[in-house]
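Here is a short briefing on one protein chain. Keep the sequence and the 3D view open as you read.

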Amino acid sequence: MTLHPSISARLGLIEDLPSWRQALADPAVQPRLQEYRTWKAAPALPSVETSDESIPGPHGPIAVRVYRPPSAPQRPRSGLVWVHGGGWAFGDLDMHEADWTAREVCARADAVVVSVDYRLAADGVTYPVPHDDVVTGVRWVRKNAAVLGIEPARITVGGASAGANLAAGAVLRLRGDDNWLPATVVLAYATMHSVSPPLAPPLAEAFAPLPRMVRILPEDVAEMTANYLGGTPDPHGYAFPAGAVLDGLCPTLVLDAEYDDLRASSEAFAAALVKSGVPVRHVTVPGVLHGFLNLPSSVEPVAHALAVLAETVTTAHAGELAPDQGERE
């Protein structure tokens, strides 16, 4: 196991910092954080058309951003409903994981991408509000597929980290309430358990030298979980899909980061899908940390992950998915 050199070269900037929450509150370390998060050699983003929309939701208006390829379509395109991460408490449509990923997939897959800006679990907001917003966003895309230029049978629902959790929870809810499933689901470095499963001992040993800032330890998961649930029960597994009945779900692409404490949750969920008879393509992206979709495509493993994601969106139709399982690419 070896971190990508462009990532390992930056770790010294955050080596002695205790946590993102504390670091973001300390003005003295902001220049270091800015340098850590800035990629001077980042390539220009693909040229796509964007429009910001506001859709009605059960808790008020929901902002969504629609990404369309600039060329006129010959027929309806495949579509991706995308949900950013941020521990349910951070993030927006402009964060790299939302905007960069949407632009890259839109261009690479010649697909329409709709990014959903759900309400964050902050200032008293808890589950099921963010979940409801994502469910509403998927329903809006499904209802307006013709207007958006999307073929209804080729809708993929996906997200990253907490966004992957929300995407999977939304699909489970739509299966139960609407008797509907998308063509595929995409889960990037997902968190699916309310209590984080332990890492395999070799992974725990390999991750031990990493700075605390890039670790997501059980206590971090417990804090995020408590903040998201706010004491609300989760009887159907919509908040934490590891507790749901998974039989009959649509084909799923699981993208994991090699250096990620949440691998344990994502890998366990992928195994549970396979046990339930769900077609799964599981790709572990080498040399990267959790949140790698916040990095530019000039980082080769990120470019490869985007290619796999785009291929899945492009080929999604009537439950089809590449049959590979357990890949490490």
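The structure holds 7 aromatic pairs. Rings of Phe, Tyr and Trp (its six-membered ring) count as a pair if their centres lie within 6.5 Å; planes under 30 degrees apart are stacked, over 60 edge-to-face, and the rest tilted. The rings of Trp-20 and Tyr-36 have centres 6.1 Å apart and planes at 50°, so this pair is tilted. The pair links distant parts of the chain, 16 residues apart: Trp-20 is in helix 2 (residues 20-24) and Tyr-36 in helix 3 (residues 30-37).

This is a predicted model, in which local features need pLDDT of at least 70, side-chain atom pairs count only at pLDDT 80 or more, and totals for chains, interfaces and linings use all residues. Residues are numbered from 1 along each chain as its sequence is written, and side-chain values use heavy atoms, with hydrogens and water left out.

**Confidence**

- pLDDT is the predictor's confidence in each residue, from 0 to 100.
- The protein chain has a mean pLDDT of 94, and 96% of its residues reach 70 or more.
- Residues 319-329 have pLDDT below 50; beyond near neighbours in sequence, this stretch has 35 contacts in the model.
- Contact means heavy atoms within 4.5 Å.
- Where pLDDT is low, the predicted coordinates should not be read in detail.

**Aromatic rings and charges**

- Buried means under 20% relative accessible area, exposed means over 50%, and partly exposed lies in between (1.4 Å probe, protein chains only).
- Trp-20 has 27% relative accessibility, so it counts as partly exposed.
- Tyr-36 counts as buried because its relative accessibility is 13%.
- Phe-207 and Tyr-259 are tilted, because their planes are at 40°; their ring centres lie 5.8 Å apart.
- That pair also links distant parts of the chain: Phe-207 is in helix 8 (residues 201-207), Tyr-259 is in strand 7 (residues 252-259), and they are 52 residues apart.
- Phe-207 and Tyr-259 are both buried.
- One aromatic cluster is formed by Trp-88, Tyr-127, Tyr-228 and Phe-240.
- A charge sits over a ring if NZ of Lys or CZ of Arg is within 6 Å of the ring centre and within 35 degrees of the ring normal.
- Arg-10 has its charged end over the ring of Trp-39, 3.7 Å from the centre.
- Arg-142 lies over the face of Trp-180, 5.0 Å from the ring centre.

**Helix 7**

- Helices (H or I, at least four residues) and strands (E, at least two) are DSSP runs, numbered from the N terminus.
- Helix 7 covers residues 162-178, which is 17 residues.
- Its first and last C-alpha atoms are 23 Å apart, close to the 24 Å expected at 1.5 Å a residue.
- The expected span is 1.5 Å times one less than the number of residues.
- Asn-179 follows helix 7 and has a positive phi, near 55°.

**Backbone details in loops**

- A cis peptide bond joins Tyr-127 and Pro-128, with omega about 15°.
- Pro-128 is in the loop between strand 4 (112-117) and helix 5 (129-143).
- Ser-161 is not a glycine, yet its phi is positive, about 60°.
- Ser-161 sits in the loop between strand 5 (150-160) and helix 7.
- Ser-161 is buried, with a relative accessible area of 8%.
- Tyr-189 is not a glycine either, and its phi is positive, about 35°.
- Tyr-189 lies in the loop between strand 6 (184-188) and helix 8.
- Tyr-189 has 0% relative accessibility, so it counts as buried.

**Nonpolar cores**

- A nonpolar core is a set of buried Ala, Val, Leu, Ile, Met, Phe, Trp, Tyr and Cys residues joined through side-chain atoms within 4.5 Å.
- The largest core has 52 residues; Val-114, Trp-140, Val-141, Leu-187 and Tyr-228 have the most contacts inside it.
- Helix 7 gives the most to this core, with 9 residues.
- Apart from it lies another core of 51 residues, among them Val-214, Tyr-259, Val-288 and Val-299.
- Leaving aside neighbours within four places in sequence, Val-141 is in contact with Val-81, Val-114, Leu-148, Ile-150 and Ile-155.
- In soluble globular proteins, nonpolar side chains tend to be buried together.
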